[in-house]
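Me: I would like to learn how to read a fold from its contacts. Can we go through one feature at a time?

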Amino acid sequence: MSQIIKYIFKLLRVTTWWNHIVPPIFFSVYAMLWMNPNDVFAAVKTLGWFALSVIGTASFGYFSNDAADVIDDRLSKKANVIGDLSISVKVVLCFVLLCMSLLPWLKLPFYWYTFGLIVFLLILFILYSFPPFRLKSRGVIGNFADTAYGHVLPIVITIATFFSIQPIRIKNGLLLMVVLSIILFIKGWRNIILHQIEDRKADAKAGASTFVLRFGPLRSTYLVNRILLPSEIVLLGFFLFTLCGGVRHIALLYVVFLVVAFFRFNVWRMPMWPRHQRTRHLWYFLNSAYEGWLPTGTLMLLLWRHPNLWPLLFVHVAVFYVPTLNILEDIRVALKQAPLLPIYIWRRLTGRTG
C-alpha cells in the first residue's frame, strides 16, 4: 500500500506543489476567518470539500504539464513517470482529477463567477502545456500564464469562495485586492524566473524558449534582485499593515519573520559575502513567509479567538509538517546566529574584519 501511495505522489508530483502552493491558499482562509469571527464553524466545515478541490486542481495541472512534456523531458534526460503510461490510463486519470476538482463545488457555495474562475484555471493549464498554444514556450506570456494559474488565481478563488460564506467589510477593498494580486504576481514571477535560471541548460538542450533564455540569465538575475524581490518585501508589508485593525496582528507575524530571517541569513554580513553569493543567498527566503510563518501563525491567532478549533492545528501541522519544521529550523538558526551580531559590530568599529 505504501508503494502505491509513493507512486501516486510521484506521478502527480505532490511533493513539488503541496508545501509551496497549498499553504498560501490556507493562509487566505485562516486570515478571512480571523477577520470575521461570525459563524466560523460553518466556514470550517467547508474546508474539507475545498481542500479536495484544491488537490484535484493542482494534481490535474501538474499531470497535464508532465503529459505534454514527455518528449522534451526525454531529450533533456529528465525523469517523467507519465511517459510510461498508456493513453487510456492518461485519459482516465485526467477524468478522475477533473472530478476531484469540480465535484466538490456541488457542496461548496456555488456562484458563477467563482466556478468560472475554476474552469478558466483548468483551461489555462491546457493552454500552458499543450500545442498549438503551449504558452510555456512563449517567453513572457508563458511566465504570466504560469504565475496566473500557480499563484494569483488560486488565492483569488479562495477569497471569492470564503467571502461568500464570511462577508467582510474592508475599507479600500478593491485597492487592496489589486495590491494583493500584484504581490502574488511578483511572487510567482520571481519563483518562475529563478526556476528557469536553474534549469536554463536543460531547457536550452530541449530546445525550449523560456523567458530566461530569451532575456538572458544575467539580466533575469538583476530583475529579481533589484526589482521583484525588494518590491515584494515592501508591498507585502504594506498590504498587511494597511488592512483593518484585526489583521495587524498578522502583520506583526510578518515583522517577526523578517527579524528571524535577518539573523537566520546573516544579512548584516552581506557586504562581506562573495559577490556571486550576495544575491543567491536571499532568493527564496520570502517563500518561508507564505508557506510556513503566515499560514501557521494566522491559524494560531484564529485558535486564540476560537479555542474549540484546536484540532485544526494538529491537522494543519500534520499535513504541512515540512513548512512547520522549517519554521522551527529558522528560529533555531536565528537564535544561534544572533549573538554574533554584537561581535561583528565590535569588529567593524575597531577596524577588524571577519
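Me: Which residues does T114 touch, not counting residues up to four places away in sequence?

Reply: Start with the criterion: contact means heavy atoms within 4.5 Å. By that rule T114 touches W105, I157, A160 and T161, leaving out residues up to four places away in sequence. T114 is found in helix α7. Helices (H or I, at least four residues) and strands (E, at least two) are DSSP runs, numbered from the N terminus.

Me: What should I know about the source of these values?

Reply: This is a predicted model: local features need pLDDT of at least 70, side-chain atom pairs count only at pLDDT 80 or more, and totals for chains, interfaces and linings use all residues. Residues are numbered from 1 along each chain as its sequence is written, and side-chain values use heavy atoms, with hydrogens and water left out.

Me: Is T114 buried or exposed?

Reply: Buried means under 20% relative accessible area, exposed over 50%, and partly exposed in between (1.4 Å probe, protein chains only). T114 has 1% relative accessibility, so T114 counts as buried.

Me: How do I read a helix with a buried face? Which residues of helix α16 are buried?

Reply: First the general idea. An α-helix has 3.6 residues a turn, so residues three or four places apart point the same way. Now the case. Helix α16 covers residues 310-319, and its buried residues are L312, L313 and H316. Seen down the axis of α16, these buried residues fall within an arc of 105°, so they line one face of the helix. The arc is that of the directions from the helix axis to the C-beta atoms. On the other side of α16, P311, F314 and A318 are exposed.

Me: What covers the buried residues of α16?

Reply: The cover includes α2 (14-35), α4 (47-68) and α15 (287-305).

Me: Which residues does P295 touch, not counting residues up to four places away in sequence?

Reply: P295 sits in helix α15. It is buried, with a relative accessible area of 0%. With residues up to four places away in sequence set aside, P295 touches P23, F27, Y30, A289, Y290 and H316. H316 is also one of the buried residues of α16. As for distance, the C-alpha atoms of P295 and F320 are separated by 9.9 Å, and the two residues are 25 apart along the chain.

Me: Where is W293, and which residues does W293 touch?

Reply: W293 is in helix α15 too. Its relative accessible area is 9%, so W293 is buried. Leaving out residues up to four places away in sequence, W293 touches V256, F257, V260, S288, T298, I327, D330 and I331. W293 and L349 are 56 residues apart along the chain, and their C-alpha atoms are separated by 35 Å.

Me: How many residues apart in sequence are V44 and L309?

Reply: V44 and L309 are 265 residues apart in sequence and 8.9 Å apart in space, C-alpha to C-alpha. V44 is found in helix α3 (residues 40-44). V44 is buried, with a relative accessible area of 18%. Apart from neighbours within four places in sequence, V44 is in contact with L33 and L309.

Me: Now the backbone. Which residues have a positive phi?

Reply: Look for positive phi in a residue other than glycine. R13 is one case, with phi near 50°. R13 lies in the loop between α1 (2-12) and α2. At 25% relative accessibility, R13 counts as partly exposed. N266 is another case, with phi near 50°. N266 is in the loop between α13 (248-264) and α14 (275-280). N266 is buried, with a relative accessible area of 16%.

Me: Which residues does a cis peptide bond join?

Reply: Omega is the angle to read. P131 and P132 are joined by a cis peptide bond, with omega of about 5°. P132 is found in the loop between α7 (112-129) and α8 (140-165).

Me: How many helices and strands are there in the chain?

Reply: The chain has 18 helices and 0 strands. Its radius of gyration is 22 Å, close to the 20 Å that the globule rule gives for 354 residues, so the chain is as compact as a globular protein of that length. The radius is taken over C-alpha atoms; the globule rule is 2.2 Å times the number of residues to the power 0.38. Of the 354 residues, 49% count as buried.
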